[in-house]
Amino acid sequence: MERLLFLDACVRGPELSRTWRLCQRFLEEYTTLHPQVQVCHRDLRESLPILTGELARQRDGWIARGEDDPRLTPAREIASADLVVVGAPYWDLSFPAVLKVYLEWSSALGITFRYTEDGRQVGLSQARALVYLTSAGGPVEGQNYGFDYLKALGAMFGIPHAYCVAAEGLDIQGTDVQAVLRRAGDRAASLARQLAQEPMCLQG
């Protein structure tokens with residue numbers, strides 16, 4: 001069964017988050033086409049502890065000893081997902097801190113990546129694509145650093161394709177917010193249909 005991991009960093013919650021609306025449009029379209037998909041909804045407002053040096057040392061020990069500590073869940077989720085969907089508003093040129101904490105826990109040597117004997121880094125995630133859905137009060141204008149970071153990290157984990165859908169300019173006076181969200185939602189639905197096709201058909 002296909003596994004879809006939804007990383008929900010829509011910290012304003014479903015009632016207020018405009019990014020959440022984009023996520024729901026994507027997920028509804030995708031699950032309609034793939035009703036058997038297993039969706040894991042990870043609400044990042046239920047935050048993990050900040051990864052300190054001591055916790056990083058402990059994490060290395062858990063992995064080396066083959067222990068199954070719950071704080072290894074982010075790395076195991078990323079490694080085992082077939083499709084990763086990230087919903088995060090455009091905050092301060094990037095995304096909310098709760099997503100960064102999750103990603104730091106997911107970056108675990110021996111679970112999401114490894115090194116070969118000659119020092120090459122190899123990703124261990126089986127995910128075929130990463131989707132980043134975001135909304136911004138102003139224009140992004142080539143400064144989508146949150147997506148750039150996720151795309152690079154996904155490549156490090158072995159995820160070959162990354163896609164972004166953004167609803168921009170929502171807080172600019174005179175903007176037809178509903179129209180902008182509708183158009184972005186249509187793009188999200190179109191992407192969901194594309195990703196529902198065979199992986200070999202993907203381009204990104």
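A residue counts as buried when its relative accessible area is under 20%, as exposed when that area is over 50%, and as partly exposed in between (1.4 Å probe, protein chains only). Keep that in mind for serine 17, which is buried because its relative accessible area is 7%. What you're looking at is a predicted model, where local features need pLDDT of at least 70, side-chain atom pairs count only at pLDDT 80 or more, and totals for chains, interfaces and linings use all residues. Residues are numbered from 1 along each chain as its sequence is written, and side-chain values use heavy atoms, with hydrogens and water left out.

**The whole protein**

- You'll find 6 helices and 7 strands here; helices (H or I, at least four residues) and strands (E, at least two) are DSSP runs, numbered from the N terminus.
- Starting at the N terminus, the order of elements is β-α-β-α-α-β-α-β-β-β-α-β-α.
- A compact globule of 204 residues would have a radius of gyration near 17 Å, and the protein agrees with its 17 Å. That radius is taken over C-alpha atoms, and the globule rule is 2.2 Å times the number of residues to the power 0.38.
- The C-alpha trace spans about 55 × 35 × 30 Å along the principal axes.
- Of the 204 residues, 48% are buried.
- Take the contacts (heavy atoms within 4.5 Å) with a separation of 6 or more: 79% of them are between residues 24 or more positions apart.

**Serine 17**

- Look for serine 17 in the loop between strand S1 (3-8) and helix H1 (18-33).
- Its side chain reaches two backbone nitrogens: that of threonine 19 at 3.3 Å and that of tryptophan 20 at 3.0 Å.
- If you skip the neighbours within four places in sequence, serine 17 is in contact with Cys10 and Arg12.

**Helix H2**

- Helix H2 covers residues 53-65, and its 13 residues should span 18 Å at 1.5 Å a residue. The expected span is 1.5 Å times one less than the number of residues. The end C-alpha atoms of H2 are 19 Å apart, which agrees.
- Which residues of H2 are buried? They are Leu55, Ala56, Arg59, Gly61 and Trp62.
- Those buried residues pack against helix H4 (97-106).
- An α-helix has 3.6 residues a turn, so residues three or four places apart point the same way.

Conventions. A polar contact is a pair of N or O atoms within 3.5 Å; within protein, one must be able to donate a hydrogen and the other to accept it, and residues adjacent in sequence count only if both atoms are side-chain atoms.
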